[in-house]
Amino acid sequence: MGKVFDAAEVAKHNSKESCWVILYGKVYDVTDFLSEHPGGSKIILKLSGQDATEEYDPIHPPGILEENLKPEAFLGTVDAATLPKPQADATPSQEEEKEAEVPMEALLNMDDIEQLATKKVSKKAWAYYYSASDDKISKHFNTEVYRSITLRPRVFIDCMKCDLDISVLGHKLGIPIYISPAAMARLGNPAGEAGIAEACRSFGGMQIISNNASMTPEQIVENAAPDQIFGWQLYVQTDRKKSEVQLARINRLKAIKFVVLTLDAPVPGKREDDERGNATGGAGQGESGVGKQLFQGTDPTLTWRDTLPWLAQHTDLPIILKGLQTHEDAYIASLHGPQIKGIILSNHGGRALDTAPPAVHTLLEIRKYCPEVFDKLEVWIDGGIRRGTDVVKALCLGAKAVGIGRPALWGLGAGGVDGVKRTLQILADETATTMRLLGVERVEQLGPQHINTRIVDQQIYDGPSGLDSLRSVYRAKL
């Protein structure tokens, strides 16, 4: 067990020259690790000489300590009696207690769920989940663009039945709504990503596990149903060996059926709410936000020519490219079969480049310039989904499946597993109602004839397609 330390003795080691931290009652010397920490040294030094468990636990998967620290970094344990007593939270008012006890069935839409979660999660969790880049224009436009598309209901059609089943990559799903890779779920609730998986199991839903999940992939899929479908998101690391080790680990998990290579955030956007939520002092003295810390070590040099062949060496799983925002890139992706099986149109939830287009714009671009892409690849989308009508409109435009990120995290924050189930139930019910009122029984029957996009069409890129030059380049290569 090693030596038993007094907390005051540990507190003396609070510098770059000697940096100790307490985690789960154990004392570690992390001085040599400061320069290697993916989130940078500042976040560790901020907690040096202290019990860092409360900050560390919600955002790090179990086992990460053992993977990154040398055995000799463990120095011993701390005498719990010498640790500072935690300050008691202010007693909640009767009104706050009443709000916290809201039954999940009383939550009727995504706004209700987000509002309740905002009251229940920590300021740090809220800041990370809510934040988006710069002025949050893309984040808000992701949702608003759906309001400019109108539906075209048909009448005198038997609408008793409605089937939400779809098939992606040859796997059957119970709903056309999947969980996008959403990081740091345990910031909002201890159930974390495993809780989201449990909720998906109830609906036959699919979950893409974040590269920055707060639980291990093994923990997340441990209690999955035999036919439950997972994907795994990859952020390629500058140290490629780390990504190769991750891929080898994912290859061994039968529940994970594909890899999602994320491309829409090669560098982090400026998420001001997140940065304020991690402030440590006055103006200009804040630490970088959770999002920026998570991007430390991410490789910004990925290319079509080099990255896909490297990836093929390390996994045989189907590859989905996430973050395409133009028809040109969708077209190039369609030339990379059979390795590339699908694409996700996404602007990273408005968290990367502000004023980047919503996925609906990219869907319409593809339909205008290179509709053959839909025949060569599965096209999924995410970003801004708040209603079942949004889901249906995306499906009408050719999306095979529709992802939600923040709504799942807000559901988790509002009510744990039950909150995520409520999120999925609301969206599934609204999707079914919309289909029935359109006179459509099955998802595959939805098409452009069920919507009017004239207002949004005016906003779509109207320049040269650029495809002739791309075709020439790729013909030469082939």
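**Entry 1, domains.** I looked up the spacing of the domains and found that the C-alpha centres of domain 1 and domain 2 lie 34 Å apart. The model I am working from is a predicted one. I then took the bounds from the domain assignment of the chain, which gives 4–78 for domain 1. For domain 2 the assignment gives 111–461 + 468–476.

I turned to helix α7, residues 123–130, and helix α19, residues 406–438. Their axes come within 10 Å and cross at roughly 160 degrees. Angles over 145 degrees count as roughly antiparallel, so I put α7 down as roughly antiparallel to α19. I noted the crossing of the two helices as left-handed. Which residues of α7 and α19 meet? From α7 I listed Trp126, Tyr129 and Tyr130, and from α19 I listed Arg406, Leu409 and Trp410. Sorted by class, this contact has five nonpolar residues, one charged and no polar.

I located methionine 215 in the loop that runs between β9 (207–209) and α10 (217–221). Is methionine 215 buried or exposed? I read a relative accessible area of 13% for methionine 215; buried means under 20%, so methionine 215 is buried. Setting aside neighbours within four places in sequence, I found methionine 215 in contact with Pro61, Pro62, Arg186, Ala191, Gly192, Glu193, Ala194 and Ile220. Of these contacts, Pro61 and Pro62 fall in the 4–78 range of domain 1, while methionine 215 falls in the 111–461 part of domain 2. I also checked methionine 215 against glutamate 441: the two are 226 residues apart in sequence and 38 Å apart in space, C-alpha to C-alpha.

What does threonine 298 contact, leaving aside its neighbours within four places in sequence? I listed Tyr235, Val236, Gln237, Thr238 and Pro266.

I went through helix α18, residues 388–396, for burial. Eight of its nine residues are buried, so α18 is largely enclosed by the rest of the structure. The buried residues I wrote down are Gly388, Asp390, Val391, Val392, Lys393, Ala394, Leu395 and Cys396. Among them are the charged residues Asp390 and Lys393.

Note on methods:
Residues numbered from 1 in each chain as written. Predicted model: local features only at pLDDT ≥ 70, side-chain atom pairs only at ≥ 80, totals over all residues. Heavy atoms only, no water. Contact = heavy atoms within 4.5 Å. Domains from an automatic or database assignment. Axes fitted to C-alpha atoms, helices over the stretch in contact; angles between N-to-C directions. Helix = DSSP H or I, 4+ residues; strand = E, 2+ residues; numbered from the N terminus. Parallel < 35°, antiparallel > 145°, perpendicular 65-115°, else oblique. Left-handed = near helix turned anticlockwise from the far one by under 90°. Buried < 20%, exposed > 50% of the residue type's maximum accessible area, 1.4 Å probe, protein only.
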